[in-house]
Amino acid sequence: MSGDDQAALERLGSASPGPGEAELSVAQLEALLFIAERPLSRREIASLAGVDREIVDARLGDLEVALRGR
């Protein structure tokens, strides 16, 4: 992943609501996956977004459902 991509991922990850309330929206997840130069693991997404892997798993499920309609 290039430095520019890493910086963009970190900016997206820092867009959480506030301390102790880290969240990841479906739109943020989709953006992370779209701009990444390679597939990202759940662990990488969680780390970049500053959320637990359980949140990543939930948003991946939400994204899967959302993409079925496109």
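Where do Asp-62 and Arg-59 lie, and how many residues apart are they? Both belong to helix H4, three residues apart, which is about one turn of the helix. This is a predicted model, in which local features need pLDDT of at least 70 and side-chain atom pairs count only at pLDDT 80 or more, while totals for chains, interfaces and linings use all residues. Residues are numbered from 1 along each chain as its sequence is written, and side-chain values use heavy atoms, with hydrogens and water left out.

The protein has four helices and zero strands, giving the pattern α-α-α-α along the sequence. Here helices (H or I, at least four residues) and strands (E, at least two) are DSSP runs, numbered from the N terminus. Of the 70 residues in the protein, 29% are buried; buried means under 20% relative accessible area, exposed means over 50%, and partly exposed lies in between (1.4 Å probe, protein chains only). Among contacts with a separation of 6 or more, 57% come from residues 24 or more positions apart, a contact being heavy atoms within 4.5 Å.

Charged side chains come next. Side chains of opposite charge can pair when their charged atoms come close. A search of the whole structure finds six salt bridges, each defined as a side-chain nitrogen of Lys or Arg within 4 Å of a carboxyl oxygen of Asp or Glu. One of them joins Arg-59 to Glu-23, with the closest N and O atoms 2.7 Å apart. Arg-59 sits in helix H4 and Glu-23 in the loop between helix H1 (3-13) and helix H2 (26-35), so this pair ties together parts that are 36 residues apart in sequence. Arg-59 is buried, at 17% relative accessible area, whereas Glu-23 is partly exposed at 33%. Not counting residues up to four places away in sequence, Arg-59 touches Glu-23, Leu-24, Ser-25, Val-26 and Leu-29.

Arg-59 also forms a salt bridge with Asp-62, the closest N and O atoms being 2.9 Å apart. Asp-62 is partly exposed, with 36% relative accessibility.

Another salt bridge brings together the side chains of Asp-57 and Arg-42 (2.7 Å, N to O). This pair links distant parts of the chain, with Asp-57 in helix H4 and Arg-42 in helix H3, 15 residues apart. Asp-57 is partly exposed at 37%, and Arg-42 is partly exposed at 45%. Arg-43, in helix H3 (residues 42-49), is exposed, with a relative accessible area of 60%.
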